[in-house]
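Please follow this walk through the structure with the sequence beside you, taking one element at a time.

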Amino acid sequence: MKITGVFLLLTLAVLCLANAAKENEVDCSEYKRLERGRPIYCERLYQPFCGSDGKTYNNKCSFCKAVLRSRGALHMKQAGAC
């Protein structure tokens with residue numbers, strides 16, 4: 001019984017860590033599907049993202065444009081301004 005309890009607690013801890021890691025990911029797949037070479041136009045909406053380069057991006061679109069330009073080297077540091 002104790003082994004089962006320990007196993008369940010470890011499993012729960014791993015799932016919590018996995019969810020925490022997903023929160024720092026932004027899904028840019030919708031921008032990858034656009035025709036290569038065509039410009040991406042972004043709205044003037046302010047919902048900031050802080051990039052791993054220390055720069056604040058105005059919204060998901062501008063952040064994803066930078067991710068595509070960096071060929072995946074740029075990652076989200078946190079939601080919100082840097």
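Just after helix α3, R71 takes a positive phi of about 55°, where helices (H or I, at least four residues) and strands (E, at least two) are DSSP runs, numbered from the N terminus. This is a predicted model, in which local features need pLDDT of at least 70 and side-chain atom pairs count only at pLDDT 80 or more, while totals for chains, interfaces and linings use all residues. Residues are numbered from 1 along each chain as its sequence is written, and side-chain values use heavy atoms, with hydrogens and water left out.

Helix α3 itself covers residues 60–69, and its N-terminal end is capped by N59, which has a side-chain oxygen 3.2 Å from the backbone nitrogen of C61. Within this helix, C61, S62, F63, C64, A66 and V67 are buried, a word that here means under 20% relative accessible area, whereas exposed means over 50% and partly exposed lies in between (1.4 Å probe, protein chains only). The buried residues of α3 pack against α2 (29–32), β1 (49–51), β2 (56–57) and β3 (76–79), with contact taken as heavy atoms within 4.5 Å.

The strands in that list belong to an open sheet of three strands, ordered β2-β1-β3 and paired antiparallel. The edge strands of this sheet are β2 and β3, each of which pairs on one side only. Two strands count as paired if DSSP finds at least two bridges between them, and β1 and β2, which run antiparallel, are joined by two bridges. Across this pairing, C50 stands opposite T56 in β2.

How many disulfides does a search of the whole structure find? The search finds three, a disulfide being a pair of cysteine sulfur atoms within 2.5 Å. When the bonded cysteines are counted along the chain, the disulfides follow the pattern 1-5, 2-4, 3-6.

One of the disulfides joins C28 to C64, with an S to S distance of 2.0 Å, and with -75° about the S-S bond this link is left-handed. Because C28 lies in the loop between α1 (2–23) and α2 while C64 lies in helix α3, the pair ties together parts that are 36 residues apart in sequence. Both C28 and C64 are buried.

C42 is partly exposed, with a relative accessible area of 28%, whereas C61, at 8% relative accessibility, counts as buried.

The loop between α2 and β1 also holds P39, which counts as exposed because its relative accessibility is 51%. The C-alpha atoms of P39 and K65 are separated by 9.4 Å, although these residues are 26 residues apart along the chain.

There remains the disulfide that joins C50 to C82 (S to S 2.0 Å). The torsion about the S-S bond of C50 and C82 is about 110°, and the disulfide is therefore right-handed. This pair links distant parts of the chain, with C50 in strand β1 and C82 in the segment after β3, 32 residues apart. C50 counts as buried at 2% relative accessibility, while C82, at 47% relative accessibility, counts as partly exposed.

Note on methods:
Polar contact = N/O pair within 3.5 Å; in protein donor to acceptor, adjacent residues only side chain to side chain.
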